[in-house]
Structures are given as structure tokens and as C-alpha cells.
Amino acid sequence: MKPRHKRTAMIVGALASIAIAAYFVLNAFQSNLVFFFSPTQVDAGEAPQNRTFRVGGLVKEGSVKRNNLTVSFVVTDSLKEVPVSYTGILPDLFSEGKGVVAQGQLGNDGHFTASEVLAKHDENYMPPEAQHALDQAEIEKASKSLK
């Protein structure tokens, strides 16, 4: 084999190795990507079925029901609601009427099963995605009341 052919084979092999490594990195990134949806988006069917995502909003007043370590509650953006169940210990700041982001999967029945629940940190903080979803819901609610 001529040196030129060896060099060409090495370059092709290196490019193939880089392409395979890039494929594996991008595939791992895609499988770990978690999107955020508001209750209105979940109700509209924009949220994926059988895939992990986050839903955020406010915990509806009077919706928290506890059964040992399993807690059921409703997340709302003041326009639509999503029923959520979580088994585990909730954050200390979790309470009704406060901001929450739950990560998990949506069942075929529209019930969200959370694997993780995040509560807001203080009185003034709310995750930007949840605040944006609440603002959009308020605008939509106001525009419907004007019609």
C-alpha cells in the first residue's frame, strides 16, 4: 500500500470515529433532555406521552390529599389543571397556592405521575417557565372575559 493510500485510510478512519462519537454524545443528550409544559399545553395535547417532562404552575387550593407517602394534588395555571401524584417526601416549602414544578410522565388517562417535585425557594421566586406559563394563562383568561 502506498503512503498516500495509508494517509487517506487514516483520515477516513478518523472521520468515521469522530462521527460515531458525535452520534453517541448527541443521542445521550437527546435522551436526557427534559422539556417544560404548562397545564394549558398539557391539556392541549402538546406534552409527550410516555416520556419524561416537567409541568409547572401553582398548587390548587384544597387539592392536596395525602395517603402515607403518596401525595395527590392539582397543578394549575389558573386556566387549566393537571392532576399529579407523587410518592416520596415533598420539599419543606411545598404548600397549596405556591409555585411548583413536577417532573415525571403523563399517563394515558391524563394523570401525571411525578418522580420529582420542586417547590419555589422563597416568596418572590418562581421558575421562569412557570411564571411565563401563568402570565400567558392570565392574558388568555382576560381576553376570554372581554369577549
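User: What makes β5 and β7 a pair of strands?

Analyst: DSSP has to find at least two bridges between two strands before they are said to pair. β5 and β7 (residues 112–119) share 3 bridges in the parallel sense, so they pass. One of those links is S85, whose bridge partner in β7 is T113. The strands themselves are DSSP runs of E with at least two residues, while helices are runs of H or I with at least four, all numbered from the N terminus.

User: Good. What should I keep in mind about the model itself?

Analyst: It's a predicted model: local features need pLDDT of at least 70 and side-chain atom pairs count only at pLDDT 80 or more, while totals for chains, interfaces and linings use all residues. Residues are numbered from 1 along each chain as its sequence is written, and side-chain values use heavy atoms, with hydrogens and water left out.

User: How do you know that β4 and β5 pair, and in which sense?

Analyst: Set the count against the two-bridge rule: β4 (residues 70–76) and β5 (residues 81–87) have 7 bridges, in the antiparallel sense. T70, for example, sits opposite T87 in β5. The hairpin they form has 4 residues between the strands, and S78 takes a positive phi near 70° there.

User: Why is N68 called exposed, and what is S78 called?

Analyst: The cut-offs are in relative accessible area: buried means under 20%, exposed over 50%, and partly exposed in between (1.4 Å probe, protein chains only). N68 has 77%, so it counts as exposed. S78 has 28%, so it's partly exposed.

User: And what makes T76 buried?

Analyst: T76, in strand β4, has 11% relative accessibility, so it falls on the buried side. Leaving aside neighbours within four places in sequence, T76 is in contact (heavy atoms within 4.5 Å) with P39, G57, L58, K60, E81 and L134. A polar atom of the T76 side chain also lies 3.0 Å from the backbone nitrogen of S78.

User: What makes β2 largely enclosed?

Analyst: β2 (residues 53–59) has 5 buried residues out of 7, so the rest of the structure largely encloses it. β1 (residues 36–37) pairs with β2 in the parallel sense over 2 bridges, with F36 opposite R54. β6 (residues 99–106) runs antiparallel to β2 and is joined to it by 6 bridges, with V55 facing A102. β4 is antiparallel to β2 over 2 bridges, and V59 stands opposite V75 there.

User: How do you know that V100 and Q103 are buried?

Analyst: V100 has 1% relative accessibility, so it counts as buried, and Q103 does as well with 15%. V100 is in strand β6, and its contacts beyond four places in sequence include V55, F73, F94 and V117. Its C-alpha is 5.9 Å from that of L58, 42 residues apart along the chain. Q103, also found in β6, has a side-chain polar contact of 2.8 Å with R54.

User: Why is the second largest pocket called a pocket, and what is its volume?

Analyst: On a 1 Å grid over the protein atoms alone, a pocket is an open set of points where a 1.4 Å probe fits, with protein on both sides within 12 Å along at least five of seven lines; lining residues have an atom within 4 Å of a point. The volume, the space filled by probe spheres set on the points, is about 150 Å³. The elements giving two or more residues to its lining are α2 (39–43) and α3 (128–146). α3 has the largest share, 6 residues.

Key
A polar contact is a pair of N or O atoms within 3.5 Å; within protein, one must be able to donate a hydrogen and the other to accept it, and residues adjacent in sequence count only if both atoms are side-chain atoms.
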